[in-house]
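Here is a short report on helix packing and aromatic pairs. Please keep the structure in view while reading.

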Amino acid sequence: MITKLFIVDDHYMVIEGIHALLQNEKNIEWIGHAMNADSCLAFLQHQQPDIILMDISLPDTSGIELCKMVKTKYPAINIVALSTFNQQSFIKKMMENGASGYLLKNASTKEILDCIETTMKGKSYFSFEVAQTLRYHSNDEIILTLREKEVLALIAEGLTNPEIGQRLFISTTTVDSHRKNILTKFNVKNTAALIHAAIKKGFL
């Protein structure tokens, strides 16, 4: 049986890399890619794949939200998270929003193929490192990158995204992405709740 595969990632190198790994697989048909959520949704109006490999960090909408939108409108599509984030909060959010699996971007060809085969059978699949995270890490554990800690501190100072961008010499879009990731990690929906949770957890 031929599996139709689609990928959503904002880094062309990642897209090309996975394409190169899978291009000789006779049972996989590569039907296209998108580099943001809007392009993905536009593509799905005309053609639906069997599996989408979906990045979590996208420039317009997070992969977590996109996963929910796609599964709501196209429930038959299997979605596998494709991420550098090996953290419970991201993993659980993707699974809660309908993902069938979670792959890290350092996954081997065998892991990717095993994931495709497993999810096409209606089962869940996790990279080995992801499975270890789910098994051993506390549900309360929150791990922030150095940049996320910097952004969090500036959010606590009351700075806007453009102001944070100027302070850290990064784009407003990048700040927004960090802010969304931080909100997800703390499992909150707004700045007030984030500050409260960050203080409670000892980050501020």
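Helix α4 is followed by Gly98, whose phi is positive, near 110°. The model is a predicted one. Within α4, the buried residues are Gln88, Ser89, Phe90, Ile91 and Met94.

**Helix α9 and its cover**

Helix α9 covers residues 172-186. Its 15 residues, at 1.5 Å a residue, should span 21 Å.

The buried residues of α9 include Val175, His178, Arg179, Asn181 and Ile182. Leu183, Thr184, Lys185 and Phe186 are buried there too. Among the elements that cover them are α3 (63-73), α4 (88-96), α7 (146-156), α8 (161-168) and α10.

**Where α4 meets α9**

Two packed helices are described by the angle between their axes and the distance between the axes. The axes of α4 and α9 come within 8 Å and cross at roughly 85°. That angle falls between 65 and 115 degrees, so α4 and α9 are roughly perpendicular to each other. On the α4 side, Ser89, Phe90 and Lys93 make the contact. On the α9 side, Asn181, Thr184 and Lys185 make it. By class, the contact of α4 with α9 has one nonpolar, three polar and two charged residues.

**Aromatic pairs**

How many aromatic pairs does a search of the whole structure find? The search finds three. Two of them are set out here.

| Pair | Centre to centre | Angle between planes | Arrangement |
|---|---|---|---|
| Phe6 and Phe43 | 4.4 Å | 25° | stacked |
| Phe186 and Phe203 | 5.3 Å | 80° | edge-to-face |

Phe6 sits in strand β1 (residues 3-8) and Phe43 in helix α2 (residues 37-44). The two are 37 residues apart, and their pair links distant parts of the chain. Phe6 is buried, with a relative accessible area of 0%.

Phe186 lies in helix α9 and Phe203 in the segment after α10, so their pair ties together parts that are 17 residues apart in sequence. Phe186 is buried, at a relative accessible area of 7%. Phe203 counts as partly exposed, at 27% relative accessibility.

**Ala197 in α10**

Ala197 has its place in helix α10 (residues 191-200). Is Ala197 buried or exposed? At 15% relative accessibility, Ala197 counts as buried, because the cut-off for buried is under 20%. Not counting residues up to four places away in sequence, Ala197 touches Phe186 and Val188. Ala37 lies 160 residues from Ala197 along the chain, and their C-alpha atoms are separated by 29 Å.

Notes: Residues are numbered from 1 along each chain as its sequence is written. This is a predicted model: local features need pLDDT of at least 70, side-chain atom pairs count only at pLDDT 80 or more; totals for chains, interfaces and linings use all residues. Side-chain values use heavy atoms; hydrogens and water are left out. Helices (H or I, at least four residues) and strands (E, at least two) are DSSP runs, numbered from the N terminus. Buried means under 20% relative accessible area, exposed over 50%, partly exposed in between (1.4 Å probe, protein chains only). Contact means heavy atoms within 4.5 Å. The expected span of a helix is 1.5 Å times one less than its number of residues. Axes are lines fitted to C-alpha atoms, for helices over the stretch in contact, and angles run from 0 to 180 degrees between N-to-C directions. Angles under 35 degrees count as roughly parallel, over 145 as roughly antiparallel, 65 to 115 as roughly perpendicular and the rest as oblique. Ala, Val, Leu, Ile, Met, Phe, Trp, Tyr, Cys and Pro count as nonpolar, Asp, Glu, Lys and Arg as charged, and the others, Gly among them, as polar. Rings of Phe, Tyr and Trp (its six-membered ring) pair if their centres lie within 6.5 Å; planes under 30 degrees apart count as stacked, over 60 as edge-to-face and the rest as tilted.
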